[in-house]
Amino acid sequence: MIEDDHERDLVIADGVIADAYPIPGVEPDAAGWVLPGLADVHNHLSLASPAGDHEDPDVRARASASVELALGVLAIREPGSPDDASTRLGDEDGWPRVITAGRFLAPPGGYFPGLAREVTAAGLPSAAEQEARRSGGWAKIIGDHLGPGGRFTAHWPADVLAAAAERVHAIGGRVAIHVTCPEAVDAAVAAGVDSIEHGWADLAFDVDLLITGRWQDAVELPTLGGELLEGLQFPHSPAYEVWLLGERRRLAAATEALLHEAALSAMSTGSLADAVRWANRLVCLNPRADGHQELLVRAYAISGDRAAARRQLESLLAGDLPAARTPAWHNEALATAQRSGMRSLARDLLQPA
Ligand SMILES: [Zn+2]
């Protein structure tokens, strides 16, 4: 607890504050709030660990758990791991509580190289039961992966998935499944699994909406302008990296085209605040792309905000012009603006006050 910039310890017994170590001479201030430990619901402790890939799994898992602990995380859910390191953390005091799912289960070649315990369809139900027993409750199945041709393909027949879920449920365990493509999500739900992990089907839906839908529907997507699988890298799987790069570019291009259309349409129908908002997002997403800054200048100008239009125009032209505002600067600015088809707007905006 922090009080007047001093760190203090609170002792909590059975959910009740039983004691506080006061600052000398200061009455404990009962007003305030206590933040309980945070829960991280999806982590793989020995992957991307701050200890580095060359360290042993135990060192990697502990390094990751230390970071979580320092951030206030007291419970970690680990839907699958390439090893058993986090099962050993559970026996020791001083670490976040870890609920693991044992090792990832995938068909041969059906996941990132070296990460999964590989099993055939015939062996999946018993392997799932084994992992659930070893982990103390959960098994994690990899339900699909990037196949040839850059498409995700489902790994397991429906009856095999259902049998695996049944075996795990019979011992009181639960099944988490990693699935990406909509078909595999449907199959997993039909099989009665307990949790869908990743489930980028949502995201695939967003991409489809962006590319084929109406801009009126897509422009308000909360994920618009976000990067696909932001922050994730797959250095051990070049095919995956190439797929992800391609998808990110496709998504970015679709997003920009959509915002451009939305801003133009808003300008033509007089929704000028929307025009400014969307043109601004366009410039934030990709300031160097042809036409985005010009669109924002026009959106400001048409909405009557001359000061903002002028500021935006000057920043657009600045790279091509000398810093000093001489009469020559003015002529050059108009010439530069002409190249973007904005000479008359520039003449109007840049005229001396
Ligand atoms: Zn994961």
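A residue counts as buried if 20 or more other C-beta atoms lie within 10 Å of its own, as exposed if 12 or fewer do, and as partly exposed in between. With that rule in hand we can look at one residue of this predicted model, namely Ile99, which lies in strand 7, the stretch of residues 97-100. Ile99 has 18 C-beta neighbours inside 10 Å, and therefore it counts as partly exposed. Setting aside the neighbours within four places in sequence, Ile99 is in contact with Arg77, Glu78, Gly137 and Trp138.

Of its 353 residues, 32% count as buried, and its secondary structure comes to 13 helices and 14 strands. Among the contacts with a separation of 6 or more, 52% are made by residues 24 or more positions apart. The C-alpha trace spans about 80 × 70 × 40 Å along its principal axes, and the radius of gyration of the chain is 28 Å, whereas a compact globule of 353 residues would have one near 20 Å.

Helix 8 passes helix 9 in a left-handed crossing. On the side of helix 8 the contact includes Thr255, Leu259 and Ala263, while helix 9 contributes, among others, Leu272, Trp278 and Leu285. Sorted by class, the residues of this contact are 11 nonpolar, two polar and three charged.

Helix 9 also meets helix 10, which runs over residues 292-302, and here the axes come within 9 Å and cross at roughly 155 degrees. That angle makes helix 9 roughly antiparallel to helix 10, and the crossing is again left-handed. The residues that make this contact include Val276, Ala279 and Val283 of helix 9 and Leu295, Ala299 and Ile302 of helix 10. By class, the contact of helix 9 with helix 10 has 11 nonpolar and three polar residues, with no charged ones.

How values were computed
Residues are numbered from 1 along each chain as its sequence is written. This is a predicted model: local features need pLDDT of at least 70, side-chain atom pairs count only at pLDDT 80 or more; totals for chains, interfaces and linings use all residues. Helices (H or I, at least four residues) and strands (E, at least two) are DSSP runs, numbered from the N terminus. The radius of gyration is taken over C-alpha atoms; the globule rule is 2.2 Å times the number of residues to the power 0.38. Two residues are in contact if their C-beta atoms, placed from the backbone, lie within 7 Å. A crossing is left-handed if the near helix is turned anticlockwise from the far one by less than a right angle, and right-handed if clockwise. Ala, Val, Leu, Ile, Met, Phe, Trp, Tyr, Cys and Pro count as nonpolar, Asp, Glu, Lys and Arg as charged, and the others, Gly among them, as polar. Axes are lines fitted to C-alpha atoms, for helices over the stretch in contact, and angles run from 0 to 180 degrees between N-to-C directions. Angles under 35 degrees count as roughly parallel, over 145 as roughly antiparallel, 65 to 115 as roughly perpendicular and the rest as oblique.
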